[in-house]
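Here is a short briefing on one protein model. Keep the structure open while reading the points below.

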Amino acid sequence: MDVGVLRLKPGEADPQSPHVNDEIYYIIKGDGFLRIDDKDIPIHEGMVIFVPAKKKHKFHSNSKELVALYVFAGKDEDIG
């Protein structure tokens, strides 16, 4: 497993690429949206989100600092 914290300021671009492993996010602080493929999911503090391996995903449109704990089901590796 690989664990870490993602922090994004309002307007900051999410630098993530699809990963080779499943991933879970726990939203510690903030709001906005998580786009998985072409679907936007509203996010808020206390929410848990599952992102399947190899799915394109990006956080966006947060109006305050976004802080998310992430857990990978294996080593954090981007796809190609």
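Asp 14 touches Leu 6, Leu 8, Lys 58 and Phe 59, leaving aside residues up to four places away in sequence. The model is predicted. Asp 14 sits in the loop between strand S1 (2-8) and strand S2 (23-29).

**Asp 14: a charge without a salt bridge**

- Asp 14 is buried, yet it has no salt bridge.
- The nearest side chain of opposite charge is that of Lys 58, 5.3 Å away.
- The Asp 14 side chain does make a polar contact with the side chain of Gln 16, at 2.9 Å.

**Salt bridges**

- The whole structure holds four salt bridges.
- Arg 7 and Glu 65 form one of them through their side chains, at 3.7 Å from N to O. Arg 7 is in strand S1 and Glu 65 is in the loop between S6 and S7, so this pair links parts 58 residues apart in sequence.
- Glu 65 is partly exposed, because its relative accessibility is 25%.
- Lys 29 also forms a salt bridge with Glu 65, with the closest N and O atoms 3.2 Å apart. Lys 29 belongs to strand S2, so this pair ties together parts that are 36 residues apart in sequence.
- Lys 29 is partly exposed as well, at 38% relative accessibility.
- Asp 40 and Arg 35 form a salt bridge, and their closest N and O atoms are 3.0 Å apart. Asp 40 is partly exposed at 33% relative accessibility. Arg 35 is partly exposed too, with a relative accessible area of 36%.
- Shared partners join Arg 7, Lys 29 and Glu 65 into one salt-bridge network.

**The three-stranded sheet**

- Three strands form an open sheet in the order S4-S3-S6, and the pairing is antiparallel.
- Strand S4 (39-44) and strand S6 (57-60) are the edge strands, each pairing on one side only.
- From one strand to the next, the twist averages 25°.
- Strand S3 (residues 31-36) pairs with S4 in the antiparallel sense over six bridges.
- Arg 35 stands opposite Asp 40 in S4.

**Pairing around strand S2**

- S2 runs antiparallel to strand S5 (residues 48-51), joined by four bridges.
- S2 also runs antiparallel to strand S7 (residues 66-72), joined by six bridges.
- Which residues pair with Ile 24? Phe 50 stands opposite it in S5, and Val 71 is its bridge partner in S7.

Key
Residues are numbered from 1 along each chain as its sequence is written. This is a predicted model: local features need pLDDT of at least 70, side-chain atom pairs count only at pLDDT 80 or more; totals for chains, interfaces and linings use all residues. Side-chain values use heavy atoms; hydrogens and water are left out. Two strands pair if DSSP finds at least two bridges between them. Helices (H or I, at least four residues) and strands (E, at least two) are DSSP runs, numbered from the N terminus. Axes are lines fitted to C-alpha atoms, for helices over the stretch in contact, and angles run from 0 to 180 degrees between N-to-C directions. Buried means under 20% relative accessible area, exposed over 50%, partly exposed in between (1.4 Å probe, protein chains only). Lys and Arg count as positive and Asp and Glu as negative; His and the chain ends are not counted. A polar contact is a pair of N or O atoms within 3.5 Å; within protein, one must be able to donate a hydrogen and the other to accept it, and residues adjacent in sequence count only if both atoms are side-chain atoms. Contact means heavy atoms within 4.5 Å.
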